Amino acid sequence: MIQRIQTVYLALAAIAISLLFAFPLAQFFSETGAYVFSVTGLENMVPGEPDAFKPIIFLPIIIVAVLIALLVIFTIFQYKNRSFQIKLTNIGVLAAIILIMGIFFLYIPMIEKKINIVPDYSNAFGIYMPLVALVFLVMANRAIKRDDKLVRSADRLR
């Protein structure tokens, strides 16, 4: 049934990953420049200045975010096969962890090293979206397992 609580959790995870494209992940401000880091790339806010990185460098993070969103949406419609849905949410959790690690341990240090500016997260709401999606995916996984356990116990009573 599509009206289960795990469907709500999965939909909220998909929304959180989609909002990742709307909000910046970090901002870099200094006397020499201002940059905004989002999933789609690093944007130089000073007019006329060249970009620090080519946009192709940010393609892996875009691909992972889109794949997580598509996987979560696909998982919603697999409600008839709970064991497959559990596997898909586990893959989604793993992909969300990879996305978070990529952002925090690969991209932000790489940008910080290149432009020599410390990131500012005060107005960067996008940095929280992968974490929110991860929490919703874990909650959905627990709800699916609980639902599966309930169905199996009802099958034993027949």
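Author: Let's start with Glu43: apart from its neighbours within four places in sequence, Glu43 is in contact with Ala34, Tyr35 and Val36. Contact here means heavy atoms within 4.5 Å. Please keep in mind that this is a predicted model, where local features need pLDDT of at least 70 and side-chain atom pairs count only at pLDDT 80 or more, while totals for chains, interfaces and linings use all residues. Residues are numbered from 1 along each chain as its sequence is written, and side-chain values use heavy atoms, with hydrogens and water left out.

Reader: What makes the place of Glu43 a strand?

Author: Glu43 sits in β3, which covers residues 41-44. Strands are DSSP runs of E with at least two residues, helices are runs of H or I with at least four, and both are numbered from the N terminus.

Reader: Does Glu43 count as buried or exposed, or something in between, and how do you know that?

Author: The relative accessibility of Glu43 is 47%. Buried means under 20% relative accessible area, exposed means over 50%, and partly exposed is what lies in between (1.4 Å probe, protein chains only). Glu43 therefore counts as partly exposed.

Reader: What label does Thr75 get on that scale?

Author: Thr75, in helix α2, has 1% relative accessibility, so Thr75 counts as buried. Not counting residues up to four places away in sequence, Thr75 touches Leu10, Gln85, Leu88 and Thr89.

Reader: Why is Leu94 called exposed?

Author: Leu94, in helix α3, has a relative accessible area of 51%, so Leu94 counts as exposed. Its C-alpha atom is 9.9 Å from that of Leu137, 43 residues away along the chain.

Reader: What makes α1 roughly antiparallel to α2?

Author: Helix α1 (residues 5-19) and helix α2 (residues 59-76) pack at about 160 degrees, with axes 9 Å apart. That angle makes α1 roughly antiparallel to α2. Angles under 35 degrees count as roughly parallel, over 145 as roughly antiparallel, 65 to 115 as roughly perpendicular, and the rest as oblique. The axes are lines fitted to C-alpha atoms, for helices over the stretch in contact, and the angles run from 0 to 180 degrees between N-to-C directions.

Reader: Which residues make the contact of α1 with α2, and how many of them are nonpolar?

Author: On α1 they are Thr7, Leu10, Ala11, Ala13, Ala14 and Ile17, and on α2 they are Ala65, Ile68, Ala69, Val72, Ile73, Thr75 and Ile76. Eleven are nonpolar, two are polar and none is charged. Ala, Val, Leu, Ile, Met, Phe, Trp, Tyr, Cys and Pro count as nonpolar, Asp, Glu, Lys and Arg as charged, and the others, Gly among them, as polar.

Reader: How do α2 and α3 cross?

Author: The axes of α2 and α3 (residues 82-115) come within 10 Å and cross at roughly 160 degrees. That makes α2 roughly antiparallel to α3. The contact of α2 with α3 includes Phe74 of α2 and Tyr107 of α3, and its residues divide into 16 nonpolar, four polar and no charged.

Reader: Finally, how do you know how spread out the chain is?

Author: The chain has four helices and four strands, in the order α-β-β-β-α-α-β-α. Its radius of gyration is 19 Å, well over the 15 Å that the globule rule gives for 158 residues, so the chain is more spread out than a compact globule. The radius is taken over C-alpha atoms, and the rule is 2.2 Å times the number of residues to the power 0.38. Those C-alpha atoms fill a box of roughly 70 × 25 × 20 Å along the principal axes.
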